[in-house]
Amino acid sequence: MGIPKADFFNLAVFNSPTMNEKFPSSEKLKGKILIDRLFSEGKSIKNFPLKLVYTPINKTSITTNKTGVSVPKRNFKKAVDRNHLKRLIREAFRKNKYLVDSNLQKKYAFMFIYTANKKFDYHQITASLIHILNKLIERESSHENSNN
RNA sequence: AAAGUAGGCCGCCUUAUCGCUGGCUCCCGGAUUUUAUUCGGGAACUGGAGGAAAGUCCGGACACCAUAGGGCAGCAUAGUGGGUAAUGCCCACCGGUCGUGAGAUCAGGACAAGUGCAACAGAAAGGAUGUACAGGUAAUGCUGUAGUGAAACCAGGUAAACUCUAUGCGGUGCAAUGCCAUGUAUACCGGCAUUUAAGGGUAGCCCGCCCGUUGUCGGAGGGUAGGCAGCUAAAAAUUUUUGGUGACAAAAAUUUCAGAUAAAUGAUAAGGAAUUUUUGAAAGAACGGGGGAGAAAUUUCCUGUUGUUUUAAGAGGAACAGAAUCCGGAUUACAGGCCUGCUUUUUUA
């Protein structure tokens, strides 16, 4: 029975201000202008089955990262499958977004795209997502330092 | 008991942790000098996908459009009666067809008018024209029989053939529509006056209808990207009673049950249950083989096969599928399970 242990661990997480696992609507990527800009000038990182498109937000009014998720309709015809995969990706990002929050100063717009055409489970998606985030941090932190 | 037939119901659960979203209460911070309002954040409590939410096939509610008028055309429906907000839906009855039966199924109005169609066979399929035999007449397909065919000179069949009859149908859809903020500057809208003509508009066509030029007064429009309302308390749900063969209706009591918008209702871990399957053990049953006892009936021991029950362990372990203005239906998809009525066959009494 690992329940009491997990209980203790999660309580600690909950009290720590750096390990925020919430994903409120202010951190969701919305609005046509920003999304169009993201796709026209964003850079991308691929790691099967995910692809991340990102771009820095150079606007002082936005104080959080903006994150969206997409599963193309041509790969998954049924709405149930698309919804489920989007939930899995969102969940994986929610659990691991501390990597971005604690390592990057600038605010970014992210879009995760599911590029495979068959389903993977939560653990595989998480692994892929963490890999992508580490790559992103590696790339962007050097950028930020040289610019400053 | 088996096979079948009709209908109804359910369509995973529990715990822990982390999240999303609506409501409500409270707390903290900012703005408006204060009350109060508003913005941001947090906490507690409490709602949060389906029987088909699906495809978008019918019928409505609701909203806007003035060509919402008429005629023609077009489309849909088609026994009789009833139910309903309404229907192409549902119910009852009648009739045809299929089935031993329970039941299933039906584009089930009209050949009256006009037009068309009818394979093969047959001399001939609607214009007429025959053959053989018999009868009859002044004479003749004038009469009968034979022969082909579903139908043969009298006519008939066919409308999932045009057609006719009856009934119904304006169009576009919540991206409707209204408001707010932003913001451009006469390209828009409305009223009044003036002008009376070229031209333009259209839901297939025609009739008809609408617009138009200039001035003036009034209003903020269009486009772009947002927000709020519309937006979920209703042809509502549950239970009971009454009426009705039934669809359904009425009454009473109780309840409030999703409202997201790059789109919430989830993720992880552990466990449980339905059901399937494999292996082992035990019990008793049927059938077979061998040995012993006995004159025999029979009995006992060992063993093989089959299926049943109990138990232990393992594997596997949920289908179809995600609200988007809202209802009523039908359609299609669906693992597994439960219940009820009836029919046929067999067995027992």
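User: Is Arg 87 buried or exposed?

Analyst: Exposed, in this predicted model. Its relative accessibility is 53%. That counts as exposed because the cut-off is over 50%.

User: Which helix holds Arg 87?

Analyst: Arg 87 is in helix H3, residues 79-96.

User: Which residues gather with Arg 87 in a patch of positive charge?

Analyst: Lys 28, Lys 30 and Arg 90. Together with Arg 87 they form a positive patch on the surface.

User: New topic, Thr 126. Where is Thr 126 placed?

Analyst: In helix H5, which covers residues 122-147.

User: Buried or exposed, Thr 126?

Analyst: Thr 126 is buried, at 13% relative accessibility. Buried means under 20%, so Thr 126 falls in that class.

User: What does Thr 126 touch, not counting residues up to four places away in sequence?

Analyst: Ala 92 and Asn 96. Residues up to four places away in sequence are left out of that list.

User: Now Leu 52. Which strand is Leu 52 in?

Analyst: Strand S2, residues 50-56.

User: And its relative accessibility? What does Leu 52 count as?

Analyst: Leu 52 has 0% relative accessibility, so it counts as buried.

User: What touches Leu 52, leaving out residues up to four places away in sequence?

Analyst: With those left out, Leu 52 touches Lys 43, Ser 44, Ile 45, Phe 110, Met 111, Phe 112, Ile 132 and Leu 136.

User: What separates the C-alpha atoms of Leu 52 and Leu 133?

Analyst: 8.8 Å. Along the chain, Leu 52 and Leu 133 are 81 residues apart.

Note on methods: Residues are numbered from 1 along each chain as its sequence is written. Chains are lettered from A and ligands numbered from 1 in the order in which they are written. This is a predicted model: local features need pLDDT of at least 70, side-chain atom pairs count only at pLDDT 80 or more; totals for chains, interfaces and linings use all residues. Side-chain values use heavy atoms; hydrogens and water are left out. Patches are made of residues with over 30% relative accessible area and no salt bridge: like charges are joined within 9 Å, nonpolar side chains (Val, Leu, Ile, Met, Phe, Trp, Tyr) within 5 Å. Accessible areas come from the Shrake-Rupley method with a 1.4 Å probe; for residues, only the protein chains shown count as cover. A salt bridge is a side-chain nitrogen of Lys or Arg within 4 Å of a carboxyl oxygen of Asp or Glu. Lys and Arg count as positive and Asp and Glu as negative; His and the chain ends are not counted. The place of a charge is taken as NZ of Lys, CZ of Arg, CG of Asp or CD of Glu. Helices (H or I, at least four residues) and strands (E, at least two) are DSSP runs, numbered from the N terminus. Buried means under 20% relative accessible area, exposed over 50%, partly exposed in between (1.4 Å probe, protein chains only). Contact means heavy atoms within 4.5 Å.
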